[in-house]
Amino acid sequence: IGVRFPLALPNSFEKMRFLLLGLGCLGLSLLQAGEQRFWDKQDSSQWTAAQVKQFTTASPWAKQVSALLMSNESNMATSMPRSGGRGRSERGSSNAPTQVTLPKWQAIVRWASAKPMLQVLNAHLPESFQGRYVVSVSGLPIGVDNAELLQQTTLQVKRGETVHPENSYQDPADTSTIYFAFLPSMLDASEGKTAVFGMVAPPYEIKAKFNLSEMKYLGALTL
């Protein structure tokens, strides 16, 4: 007597195969996520060079951003011809203004007052920065006026007041980096909120968004 298998059996094997494959992918994703959040399991003194680089460039405390042209600016700057000379009518010669492409630049915005960030960067901030929320911007172009940036820089916790930094400090070892100190009493940085940092350095502006609920070092919110 022959044995007759249910017609649905091959489909059952196929479903099981896809189920196992899906579970394997999920397990791999969870493992990778756990490895990426090493700051929640290891003290910063135990991090590898690769982990330090990731923490300081692409983590909840560090955001790589592109400087954007302000809304009333173009990506082309007009350069007027020098006065004093007669314009020639020959082909290729003209007194018409020329267009110069404005350079683009990248910046890294860091929540620098977080304990692990201070440790891995070995940052030595002024005493007046103690007890403040400190956000730094690295990669600024040469010629940016540090004093003017105080009025052009803001930090806002979601649904809260937009505040300006109390003070700023340019890193003497890296003049492209400026630190901004904000009074914690002016910002309600409770968990589950976001903070948006903004800075205008005409004709550019940069913005970086921090998810405060993700900024946990060894299980505790660290700002």
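Is Asn 122 buried or exposed? Asn 122 is exposed, because its relative accessible area is 52%, where exposed means over 50%, buried under 20% and partly exposed in between (1.4 Å probe, protein chains only). Asn 122 lies in the loop between α3 and β6; helices (H or I, at least four residues) and strands (E, at least two) are DSSP runs numbered from the N terminus.

The model is predicted: local features need pLDDT of at least 70, side-chain atom pairs count only at pLDDT 80 or more, and totals for chains, interfaces and linings use all residues. Residues are numbered from 1 along each chain as its sequence is written, and side-chain values use heavy atoms, with hydrogens and water left out.

Asn 122 is not a glycine, yet it has a positive phi of about 55°. Most residues other than glycine have a negative phi, and most peptide bonds are trans. Leu 218 also has a positive phi, of about 55°, and is found in the loop between β13 (216–217) and β14 (220–221). Leu 218 counts as partly exposed because its relative accessible area is 40%. The peptide bond from Pro 202 to Pro 203 is cis, with omega near 5°. Pro 203 sits in the loop between β11 and β12 (204–211).

Next come the charged pairs. Side chains of opposite charge can pair when their charged atoms come close. The whole structure holds 2 salt bridges, each a side-chain nitrogen of Lys or Arg within 4 Å of a carboxyl oxygen of Asp or Glu. Arg 132 and Glu 166 form a salt bridge at 2.6 Å, N to O. This pair links distant parts of the chain, 34 residues apart: Arg 132 is in the loop between α3 (115–121) and β6 (133–138), and Glu 166 in the loop between β8 (162–163) and β9 (167–170). Arg 132 is partly exposed at 25% relative accessibility, and Glu 166 is partly exposed at 40%. Asp 188 and Lys 193 form a salt bridge at 3.0 Å, N to O. Asp 188 is partly exposed at 47%, and Lys 193 is partly exposed at 21%.

The last feature is a pocket. On a 1 Å grid over the protein atoms alone, a pocket is an open set of points with protein on both sides within 12 Å along at least five of seven lines, and lining residues have an atom within 4 Å of a point. The largest pocket has a volume of about 190 Å³. Of its 14 lining residues, the closest to the centre are Gly 143, Val 144, Asp 145, Ala 201 and Pro 202. The largest share of the lining, 3 residues, comes from α4.

Terms used
On a 1 Å grid over the protein atoms alone, a cavity is a set of points where a 1.4 Å probe fits but cannot get out, and a pocket is an open set with protein on both sides within 12 Å along at least five of seven lines; lining residues have an atom within 4 Å of a point. Grid points are joined across faces, edges and corners, and a volume is the space filled by probe spheres set on the points.
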